[in-house]
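Student: Please walk me through the model below, one topic at a time.

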Amino acid sequence: MERGETQNVEYKQAWRDEYLKWICGFANAKGGHIYIGIDDNGNITGVDNYKKLMEDIPNKSVNHLGLVVDVNLHAAEGKNYLEISVPISNVPIAYHGVYHYRSGSTKQELKGIALQNLLLNKMGKKWEDMAVEGITFSDLNGNSIQAFIIKAIEKNRIPPNTLKIGKQTLFKNLGLLTEQGQLTNAAVLLFGKNLIKVSVTASFKIGRFGKSSHDLLFQDIVETNIFEMADKVIEMLKTKYLVRPISYRGLERMEPLEYPETALREAVLNAIIHKDYSSTYTFLRVYDDRLHLWNPGTLPEELTIDKLKQEHSSYPRNRNIANAFFKAGYIESWGRGINKIIDACKEAGLPEPIIEEDQGGVSVIFLKDIYTEEILKTYNLESRHIKALLFIKENGRINNKQYQELFEISKRMVSYDLQMLVDRNFITKIGSTGKGTYYILQRGNKGVK
């Protein structure tokens, strides 16, 4: 068999009763298999007391977890080993009062919000679907609802007669009412006048920083409902946080944002739609050389960062919130959000954003240019080339003589280096031959090779 620990496979050389925690974790997640008598590298070490374990393990699983597992005997390389087959449990499983969960190749103890979400999920419910007591349609913003209807009709995603039907019918069709007719958390988040009634951390925090994350210069908090939030955040960035470099196309004055608005809007929408609203705030940190967006909520188990960049299905954390944004034409339902962000940045001549899971959430870092040591290292350049590019960035230009003196190499090698950087679109040559020739960075670069 192909060996290696995964989301659904765990290896143990010998049985210990504490491994009931692993059974608990698999049952609360996607089920899986625990092999006894195989080490972490997948080598079969064997187990001698397999007959006793084949009786003890199922009994202990039932007694301590209330869970029936199958224990199967296998043999290979002249050695016996056991396979514990753990089914997915339809109810939450605890071991001595503690809930465990298998995530990736690790086991986690669930507490607080994570435990709450597990309990809801096992009941077939999600946080966004929970009823909000004491809330009526008078607590919602009528203008926001009207704007949603108009946008959704324009996109042909709801019938034109929706303007004539009652809000009760509309919200029922959108999945924003419980079976008892109560407004849900999702309904209040989308259109509420006061989001603190469902989440004290629904706000979107923006901060302008100096050289480090400790140097906060000024900040704002966007506290509108989430249907209006993306527009408010982008407007705040335009008017207060980002600059518009001035350029000309012929006689036409061009003033695009320093980061492409299409990419920013898509990232902000993703953060709003996929956020875990039972957790903390969404943070947008603006620095001189980068913009860092972070929202709470890990990726679904079906996805990884690499899979996000490929063709993939959409797995929204908040399906009814995502559906409302889709109906209004703010997003597509094909899971292309990350690719749209990457493509927009490349089209604008910016490096691909750094996207990663970080501290229980998803982080997107927009970089202003490729001429930083961290980014240049990703282009398979030698350290000499990187230092030369950073020299040009700091001093504005470099010539052949300066390059020779900087690295103490021959004129011929300098010419080779500079031509290579020109061919790969990192720099531009100014002048043809002679002492007046120098090299500058190729700004607005769309074709680095």
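This is a predicted model: local features need pLDDT of at least 70, side-chain atom pairs count only at pLDDT 80 or more; totals for chains, interfaces and linings use all residues.

Student: OK, sheets. What is the strand order in the sheet of four strands?

Tutor: The order is β1-β2-β4-β3, in an open sheet with mixed pairing. Strands here are DSSP runs of E with at least two residues, while helices are runs of H or I with at least four, and both are numbered from the N terminus; two strands pair if DSSP finds at least two bridges between them.

Student: And which strands are at the edges?

Tutor: The edges are β1 (9-12) and β3 (70-76), each of which pairs on one side only. Ignoring direction, neighbouring strands of this sheet are turned by 25° against each other on average.

Student: How many bridges join β3 and β4?

Tutor: Seven bridges join them in the antiparallel sense, with β4 covering residues 79-86.

Student: What about the three-strand sheet, what's its order?

Tutor: That sheet is also described as open, with the order β5-β6-β7 and antiparallel pairing. Its edge strands, β5 (94-95) and β7 (106-110), each pair on one side only. Between β5 and β6 (residues 98-103) there are two bridges in the antiparallel sense, and Ala94 has Tyr99 of β6 as its bridge partner.

Student: Then which helix packs on that sheet?

Tutor: Helix α1 (residues 20-28) does, touching β5, β6 and β7, and its direction makes about 70° with that of β6. Angles run from 0 to 180 degrees between N-to-C directions, with axes being lines fitted to C-alpha atoms, for helices over the stretch in contact.

Student: Which other strands does α1 lie across?

Tutor: Helix α1 also lies across β1, β2 (32-36) and β4, running at about 160° to β2. Eight of the nine residues of α1 are buried, where buried means under 20% relative accessible area, exposed means over 50%, and partly exposed lies in between (1.4 Å probe, protein chains only). Among the buried residues of α1 are Trp22, Ile23, Phe26 and Asn28.

Student: Switching to helix pairs: at what angle do α13 and α14 pack?

Tutor: Helix α13 (residues 383-395) and helix α14 (residues 400-407) pack at about 125°, with their axes 11 Å apart. That angle makes α13 oblique to α14, because angles under 35 degrees count as roughly parallel, over 145 as roughly antiparallel, 65 to 115 as roughly perpendicular and the rest as oblique. The contact, meaning heavy atoms within 4.5 Å, includes Arg384 and Phe391 of α13 and Tyr403 and Leu406 of α14.

Student: How about α8 and α10, which residues make that contact?

Tutor: The axes of α8 (residues 261-274) and α10 (residues 319-327) come within 9 Å and cross at roughly 145°. Leu269, Ile272 and Ile273 of α8 meet Ile321, Ala322 and Phe325 of α10.

Student: Last topic, single residues. Why does Asn270 count as buried?

Tutor: Asn270, which is found in helix α8, counts as buried because its relative accessibility is 17%. Leaving aside neighbours within four places in sequence, Asn270 is in contact with Lys275, Gly337, Ile338 and Ile341.

Student: And where does Tyr438 sit?

Tutor: Tyr438 is in strand β17 (residues 438-441). Its C-alpha atom is separated by 6.5 Å from that of Arg397, 41 residues apart along the chain. Beyond neighbours within four places in sequence, the contacts of Tyr438 include Arg397, Ile398 and Thr428.

Conventions
Residues are numbered from 1 along each chain as its sequence is written. Side-chain values use heavy atoms; hydrogens and water are left out.
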